[in-house]
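Please keep the sequence and the model side by side while reading.

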Amino acid sequence: MAGLVALLIYPGGLLAIGLSMSYRLLSDRPLPIQGVLRFPLDLIGGLVWASVVLVAGGLVCLPWPWHPWPVPFGWLSAWVLLESAAWLPFLPALLAGTPHLVRAAVREAQISMLGRAILWGAVATGLTLADEISGWSSIGHGLVLLSTLLSLPAAINWGPFGPEPSLEPQGITAGLATRLAWELTFARDTVAAALIATSWLGSLPIALFPPWLGLLAIGGGSAGTALVLRWLRGRLPRLSVPSALRTTLISAGSLALLALIVSALGQR
């Protein structure tokens, strides 16, 4: 029963949907008036539901405050599930056979895969420090937070790491009917919101906080991140794939590596 509650309500399905809607509203993109969460069981609708289920499962595997059914060492399973959820929305564009859509999807997939790899490396380091607060671990938590925040734009294909300018504003949903485009966008928003929340969960010493304070910190940090991304939207130039990969590696990757070194020093 506890596992079912965790999967369907908290920290699973209901939280995943709430995070997605909150992220969309904070990003200043209004939700459609009709058709919310009423996805037909066609190809794209099935991909959306599969993505939501995978995100819900990934959230369940993470050590949330007040978790009704904790999963030991579940961050590895969370990585597998959330990574799978992130890939599903790319399938329609990759299978479309239209050269410019396939090229755009490959661009976004390359950039986001690197961003998520660095993000999860930093989160794994942060979770090893979750029950520690000392000189070295405090520095480690700070480095993990900076690394995850810097890798997030690439991980969720935001702003400079977004679609080719020729496909704006639709991106890889260009050419789809409005309903189908919104369905895929909802799936991507769900993954993005989950990754933002995961970044704060893995960066802070949540295990040392009272549960209510831990949730407040994660919620406040996630909302603040979405608002900052909204404010920065359109203010930074679009990057080419080599520039995007290089920028992500130098900024977020170097900090993630430094956080790993600091955490190792702190455990001596």
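Helix α2, which covers residues 13-26, has 14 residues and reaches 20 Å from its first C-alpha to its last, close to the 20 Å expected at 1.5 Å a residue, where the expected span is 1.5 Å times one less than the number of residues. Helices here are DSSP runs (H or I, at least four residues), numbered from the N terminus. The model is predicted, so local features need pLDDT of at least 70 and side-chain atom pairs count only at pLDDT 80 or more, while totals for chains, interfaces and linings use all residues. Residues are numbered from 1 along each chain as its sequence is written, and side-chain values use heavy atoms, with hydrogens and water left out.

The buried residues of α2 (under 20% relative accessible area, with a 1.4 Å probe and protein chains only) are G13, A16, I17, L19, S20, Y23 and R24. They lie on the same side of α2 because they cover an arc of only 160° around the axis, taken from the directions from the helix axis to the C-beta atoms. An α-helix has 3.6 residues a turn, so residues three or four places apart point the same way. On the other side of α2, L14 and L25 are exposed, a term that requires over 50% relative accessible area. The buried residues of α2 pack against α1 (2-8), α3 (43-60), α8 (178-203) and α9, with contact meaning heavy atoms within 4.5 Å. After α2 comes D28, whose phi is positive, near 65°.

The second largest pocket holds about 280 Å³ of space. A pocket is an open set of points on a 1 Å grid over the protein atoms alone, where a 1.4 Å probe fits and protein lies on both sides within 12 Å along at least five of seven lines; lining residues have an atom within 4 Å of a point. Its volume is the space filled by probe spheres set on the points, which are joined across faces, edges and corners. Of the 17 residues that line this pocket, L149, L150, P153, W158 and L229 lie nearest its centre. Two or more lining residues come from each of α7 (135-155), α9 (211-232) and α10 (241-266), and the largest share, five residues, comes from α9.

P153 lies in helix α7 and counts as buried at 11% relative accessibility. Leaving aside residues up to four places away in sequence, P153 touches W158, F161 and L229.
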